[in-house]
Amino acid sequence: MKQSKDPFEAALEEQEESPPDSPVGEDELNSQTPNEAQNQTDGGQNILVDDDDDDYDDLGPTIKNPSHPSSSSTPKLHSTSVNASVAAAVINKNKEYDDDEEEENVDVELSKFPSSADPTKMAKMQAILSQFTEDQMSRYESFRRSALQKSNMRRLLVSITGSQKISLPMTIVVCGIAKMFVGELVEKARMVMTERKESGPIRPCHIREAYRRLKLEGKVPKRSVQRLFR
Amino acid sequence: MSNPSPGTSSKAKVGSSQPSETSFKRKRGVFQKDLQHMMYGFGDDANPLPETVTLVEDIVVEYVTDLAHKAQDIGSKRGKLSVEDFLYLIRKDMPKLNRCTELLSMQEELKQARKAFEVDEEKLATLE
């Protein structure tokens, strides 16, 4: 039996998270509800899906809901096999989905519970996540779900290297590295802002300062050849 | 007209009939939508400023470009570009390295799971 699964649930083999509150508007997700409840109660089976929707970009991301940052839908997380009842309760609240990964749902594959799962770590995550405010939960959801498109990244890599043979793992790795780099930039920019005692959205000057500092720390690869002719 | 944002090597998309794979012009705003969500997740405002998103995209593209060029340099010694080259480049950066190994192992698991799933399906089909 095939069921679509939210990739966001994927990484939850190692991290226990409280189930999502946010509504879901797609049929695939609605059909997940009974299935998920079933799966959650299954013994050692866990739904294992890549949390970064890495593998699912190939299916072609379709529509992205543009209203995410300003959407009023509550954030959504799916639980692992541990929190069956919570999962069922929360999923019932799903109405509309506000993030990209929904379109990239793939068939759920049942796999053994990964050995990297740490019960104490999961319990800690669960404890923390249950205490999140709406705002925090929405931000955390964005953090987990957001990813650079593999197709775009592959196109970029092809244009850079000139070689057509960019393997899927390579694309996945570069997307992951780039996402972490964005994280470093944004976090450092926030630090710069607090130093300057400014508030509000991040401005380009903060990003530039953050980038300069990252370069000083050596986290940005330096060009061996000067970049001319921009 | 001078290009206001530094570090930009992309040009505006020309209305040509060139296929994007062979064209060397880079469209602006390739990662815009994803980057907005991502920046919000990492601590920015719910609605990041568009100029900030553009700047971050430029920086990321430049970062990936530099990374890919370095990886190519390393990979050319071996013959072709591989994932190992990228992993070698970020070896000093523990969080990134751990994350990448985690992503790769998850991808492997998924592949195995998918294969197992297909086998099961076949069995079901043959049973009926």
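Which residue with a positive phi follows α6(A)? Hi everyone, let's start there: α6(A) is followed by A:K197, whose phi is positive, near 55°. Before going on, this is a predicted model, where local features need pLDDT of at least 70, side-chain atom pairs count only at pLDDT 80 or more, and totals for chains, interfaces and linings use all residues. Residues are numbered from 1 along each chain as its sequence is written, chains are lettered from A and ligands numbered from 1 in the order in which they are written, and side-chain values use heavy atoms, with hydrogens and water left out.

Now, the helix itself. Helices here are DSSP runs (H or I, at least four residues), numbered from the N terminus. With 28 residues, α6(A) reaches 41 Å from first C-alpha to last, close to the expected 40 Å; that expectation is 1.5 Å times one less than the number of residues. Of its 28 residues, 20 are buried, so α6(A) is largely enclosed by the rest of the structure. Buried means under 20% relative accessible area, with a 1.4 Å probe and protein chains only.

Next, please look at α7(A), residues 204-217. The axes of α6(A) and α7(A) come within 8 Å and cross at roughly 115°, which makes the two roughly perpendicular. Axes are lines fitted to C-alpha atoms, for helices over the stretch in contact, with angles from 0 to 180 degrees between N-to-C directions; 65 to 115 degrees counts as roughly perpendicular and under 35 as roughly parallel. Among the α6(A) residues that meet α7(A) are A:F181, A:L185 and A:V192, and the α7(A) side includes A:I207, A:Y211 and A:L214. Contact means heavy atoms within 4.5 Å.

And what does α7(A) pack against in chain B, at an angle of about 25°? The partner is α2(B), with the axes 9 Å apart, and the two helices are therefore roughly parallel to each other. Here A:P204, A:I207, A:R208 and A:Y211 meet a set in α2(B) that includes B:L55, B:V56 and B:I59.

α2(B) itself covers residues 50-78, and its 29 residues reach 41 Å, close to the 42 Å expected. Just after α2(B), B:G79 takes a positive phi of about 130°.

At 11% relative accessibility, A:T161 counts as buried. Leaving aside neighbours within four places in sequence, A:T161 is in contact with A:I166, B:A68, B:Q72 and B:L81.

Terms used:
Angles under 35 degrees count as roughly parallel, over 145 as roughly antiparallel, 65 to 115 as roughly perpendicular and the rest as oblique. Buried means under 20% relative accessible area, exposed over 50%, partly exposed in between (1.4 Å probe, protein chains only).
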